[in-house]
Amino acid sequence: MSKQDYYELLGVSKDADENTLKKAFRKAAMKYHPDKNPGDAEAEKKFKEMGEAYDVLKDPEKRAAYDRYGHAAFENGMGGGGQGGHGGAGFDFSDVFEEFFGDFMGGGGRRQRGGRGGPARGNDMRFNMEISLEDAFGGKTDKITVPTSVACDPCGGSGAEPGSSPEVCGTCGGHGKVRANQGFFMVERACHTCQGTGRVIKNPCKSCRGAGRVNKEKTLQVKIPKGVEEGTRIRLAGEGEAGQRGAPAGDLYIFLSIKPHPIFKRDGDLLFCQVPIPMSTATLGGQIEVPTIEGKRARIKIPEGTQSGRQFRLRGKGMPELNGGYVGDMIIETSVETPVNLTKRQRELLEEFAAEGGDNVSPRSEGFFSKVKDFWEDLTE
């Protein structure tokens, strides 16, 4: 009986890409999986045929041979192993099963194939650090204390009592994995004896009780570069949690937050500063001094007739670009201050000033109330 065309089996065209093939196989596998069809020999056969078709078409070399010679490419020694018990093209169903079902297990299956088991790498850690805007401007080197786990000193992280060492696991032979038959395919699991490490400790260290690590606070130096922003992440490689029984440590990630500043507000590389100015200075003009983030002073010339909300730009007085030479600007926004607690003489002078009137005295208010007057005249009761 001749075999069905592989493309027809999966329901795809001959120019189907890898993603289309995988989706088609996934759909078919879900339909014909033996767990969903217990005791159905026909479904089990179909499931194997689908796996064989996918195994050939997902491999560029096998697919090219199949496209040219058809099923004959894998018969009589052509293109690989003979048909055997697992179908043509040297098909190993456990490979396809692991690749397919690895997606539902976090993708870990295929990445571990071919390698020996071993102790797990330490977990990555997070540390939240708050800094001032001045620190973000100039950068700094600071010390932090992190509660973590470190390698046990007496056993050197091995977990075994000094003078002894871990032994090869007799159950898995040091591979960290064991295989078991389920139906017609092979399932690979972490060894239950050594928990996937491939080693067993018969004489555990008294200090760490065989874990190879102990809880401890660790003090580290952190270099904060100039120009960091809210949420900037700094990675310290190998400074995370210690790995199991001598395995590599994880990484430490420091997440920066910047304290609100009493004077400046930041937007990227720009700094904003609102400065109150006396009414007399705003009216007659003059000079004011403003602070800068670097702790110095800068002078600004205020033209006569300056209104609240007018902005002045100080170039190069903002925040530096992260890991760059560019420095942003500082924007000064004026807020004209109304005088309070006037003396009798000050009040008299202001009354005389108001009596003088004139369109040039308050051009914005005159223009506004002129528009309001026109607006009211257009209204009907």
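**Loops and strands**

Trainee: R209: buried or exposed?
Mentor: R209 counts as exposed because its relative accessibility is 75%. Exposed means over 50% relative accessible area, buried under 20%, partly exposed in between (1.4 Å probe, protein chains only).

Trainee: What should I know about the model itself?
Mentor: This is a predicted model, where local features need pLDDT of at least 70 and side-chain atom pairs count only at pLDDT 80 or more, while totals for chains, interfaces and linings use all residues. Residues are numbered from 1 along each chain as its sequence is written, and side-chain values use heavy atoms, leaving out hydrogens and water.

Trainee: OK, back to R209. Where does R209 lie?
Mentor: In the loop between β6 (199–200) and β7. Strands are DSSP runs of E, at least two residues, and helices are runs of H or I, at least four, numbered from the N terminus. Phi of R209 is near 55 degrees, which is positive, and R209 is not a glycine.

Trainee: New topic. T232: buried or exposed?
Mentor: T232 counts as buried, because its relative accessibility is 17%. You'll find T232 in the loop between β7 (213–224) and β8 (233–236).

Trainee: Which residues does T232 touch?
Mentor: Leaving aside residues up to four places away in sequence, I254, F255 and L256; contact means heavy atoms within 4.5 Å. Also, a polar atom of the T232 side chain lies 2.8 Å from the backbone oxygen of E229.

Trainee: Now β11. How many bridges join β10 to β11?
Mentor: 3, with β10 (residues 265–267) and β11 running antiparallel. Strands pair if DSSP finds at least two bridges between them. R266 stands opposite L271 in β11. The two strands form a hairpin with 2 residues between them, and G268 in the turn has a positive phi of about 70 degrees.

Trainee: In which sense do β11 and β15 pair?
Mentor: Parallel, over 8 bridges. I277 stands opposite V336 in β15.

Trainee: Which residues make up the covered face of β11?
Mentor: L271, C273, V275 and I277. L270, F272, Q274, P276 and P278 are on the uncovered face.

Trainee: And the whole chain, how many helices and strands?
Mentor: 10 helices and 15 strands. Of its 381 residues, 35% count as buried.

Notes. Polar contact = N/O pair within 3.5 Å; in protein donor to acceptor, adjacent residues only side chain to side chain.
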